[in-house]
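Okay, thanks for making time, everyone. Let me put the structure up, and then I'll walk you through some contacts, charges and surface patches.

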Amino acid sequence: DKGAKRRRRRRSATKKNNTMKVKVISRVEEEYTRETKSEAIKIHRNLDPQLRPMHRATEYKRALNATKLDKVFAKPFCGAFEGHSDGILSIAKNVQNLKQMASGAADGEIRIWDCPSRKALRILNSHHGAIRGLSFDRTGTKLVSCSDDRSIRIWNVPEAKLGEIGSGETRREEHPASIIAGESAYRDVDCHWGKDMFATAGNCVDLWDMNKDAPASSFEWGCDTVLSVRFNPAEPEIFASCGSDRSIALYDCRTNTPTRKLIMQNKCTKLCWNPMEAFNFTVANEDCNLYSYDMRKLNVSTCVHKDFVSAVLDVDYSPTGREFVAGSYDKSIRLFDFNGGHSRDCYHTKRMQRVFSVKFSMDGTYVFSGSDDFNVRLWKAHASEKVGTLLPREKRKMQYNEALKERFKHMPEIRRIANHKHVPKSIHKSAKLRRTMTDAQTRKKERRVAHAAPGAHKKEFKPMRKERIVEELE
């Protein structure tokens, strides 16, 4: 019996030693096959960071290379619209037609352009003074112009016919649809976003009906000359103006009264509303800065945008509301993020003179600029962006590079390369001089505080967002 038990134990031990565990790999066909050829191939990856210890270093190097390549391929200038014989003072974009743009010169000539071909569709000769303001109406079929000759003219906008652009001849028109004679020179005009109305800036702010020769209402608030007027695209019944008395005023069409007024230390030249944020607007100032405000709280600006070295003459928002472009007397154009204190990019050429007018295209891809050297120039909104149709893999690669640059933008080397801008020697020297002057003012304030009574620090060192504001009136 004992021998039999031993033999049974040996057999069972042998069986245990000879057993084998088999793991079966089971695959479901739907998990790794595509339903159609257009679908992306499904790739299963193990995202455990311990399996790729150099993954972060590899992505940092890719972000650095992408930032460098942006600078290498930065070629923002696309072309020039030639034909004017005097400086360009105003530009207008057609909100209903992506291809149309109008420009007005100091000799009274207006040209309507076809943007893809950079050819003039019409030449409008009727004004006898400099064109100070241009604006397309909400339907894109009428163009309103105002001038130093104390007149407002409304034009019918033509459509480009087949074969007209390539013919080489540009039709001239001298008879507008209607002429409105005013009492003084006009400085700016802007059309309502929802009605057949427009506003003009001159001795006062006037609201006009497209079909009438007399203003429907006028607004005055202690200002000699109103320099700019703009309707709010998100809340069309509200509009704002800049005056020669260093003021920014807000108006309401529904009550026919001015609502609020802000006095600054320096004169504001132009104003533009953020199309995606109904309360926010940005003004261009003669102290080389731009100031963004929330109209609900005008006692402090939301952001101060710096980098120019001379007076800022015009500003315009992108249709996305995330960035804007500004032109200056220092012969440069700068692009800013809506909440960025410093410019994202700076455009300039050797021949470009003082920039009087800038506009974003309606798709947010291009920028128009009108300067004192008789040219309207076309720029890319993103200097290194590829023009044309992109393949799907190219789009994915660009999105991946943008995500990497955003992730590693705080790294010193990437931040240094991304922020570096080549500027003309005159701008570089002026910026250096401005920094010296600012440092001297700061030292003077510090010494004044050191020899003053307690509490003087708050009086001397005001935030720049409050420092330039003199008074708010209601």
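Let's start at Ile263, which touches Asp245, Arg246, Ser247, Ile469, Val470 and Glu471, leaving out residues up to four places away in sequence; contact here means heavy atoms within 4.5 Å. Before I go on, the housekeeping: this is a predicted model, where local features need pLDDT of at least 70 and side-chain atom pairs count only at pLDDT 80 or more, while totals for chains, interfaces and linings use all residues. Residues are numbered from 1 along each chain as its sequence is written, and side-chain values use heavy atoms, with hydrogens and water left out.

Back to Ile263, then. You'll find Ile263 in strand E18 (residues 257-264); helices (H or I, at least four residues) and strands (E, at least two) are DSSP runs numbered from the N terminus. How far apart are Ile263 and Ile469 in sequence and in space? They are separated by 206 residues along the sequence, yet their C-alpha atoms are 6.3 Å apart. And Ile263 counts as buried because its relative accessible area is 11%, where buried means under 20%, exposed over 50% and partly exposed in between, with a 1.4 Å probe and protein chains only.

Arg246 sits in the loop between strand E16 (238-243) and strand E17 (247-252), and at 33% relative accessibility it is partly exposed. Arg150 is another non-glycine residue with a positive phi, near 65°. That one is in the loop between strand E7 (142-147) and strand E8 (151-156), and Arg150 is partly exposed too, at 49%.

Why does Ser318 count as buried? Because its relative accessibility is 1%. Its contacts, again skipping residues up to four places away in sequence, are Pro275, Glu323, Phe324, Phe360 and Gly364.

On to salt bridges. Side chains of opposite charge can pair when their charged atoms come close. The rule here is a side-chain nitrogen of Lys or Arg within 4 Å of a carboxyl oxygen of Asp or Glu, and by that rule we get 28 of them. Take Asp188 and Lys270: their closest N and O atoms are 3.6 Å apart. This pair ties together distant parts of the chain, with Asp188 in strand E11 (residues 188-191) and Lys270 in strand E19 (residues 268-273), 82 residues apart. Are those two partners buried or exposed? Both Asp188 and Lys270 are buried.

Asp372 and Arg354 make another salt bridge, at 2.4 Å between the closest N and O atoms. Here the link runs from loop to loop: Asp372 lies between strand E28 (366-371) and strand E29 (376-380), Arg354 lies between strand E26 (345-347) and strand E27 (355-360), and the two are 18 residues apart. Asp372 is partly exposed at 22%, and Arg354 is partly exposed at 27%.

Then there's Asp294 with Arg296, which meet at 2.7 Å, N to O. Asp294 is buried at 13%, whereas Arg296 is exposed at 53%. And we have a salt-bridge network as well, linking Asp70, Glu402 and Lys405.

Last topic, surface patches. These are made of residues with over 30% relative accessible area and no salt bridge, joining like charges within 9 Å, or nonpolar side chains (Val, Leu, Ile, Met, Phe, Trp, Tyr) within 5 Å. For the areas it's Shrake-Rupley with a 1.4 Å probe, and for residues only the protein chains shown count as cover. Lys and Arg are positive, Asp and Glu negative, with His and the chain ends not counted; each charge is placed at NZ of Lys, CZ of Arg, CG of Asp or CD of Glu.

The positive patch gathers Lys5, Arg6, Arg7, Arg8, Arg9 and Arg10. Of these, Arg9 lies in helix H1 (residues 2-18) and is exposed at 53%. Which residues form a negative patch? Those are Glu29, Glu30, Glu31, Glu35 and Glu39, with Glu29 in helix H2 (residues 29-32). Finally, Leu69, Val72 and Phe73 make a nonpolar patch of about 310 Å². Val72 belongs to helix H3 (residues 55-72) and is exposed, at 55% relative accessibility.
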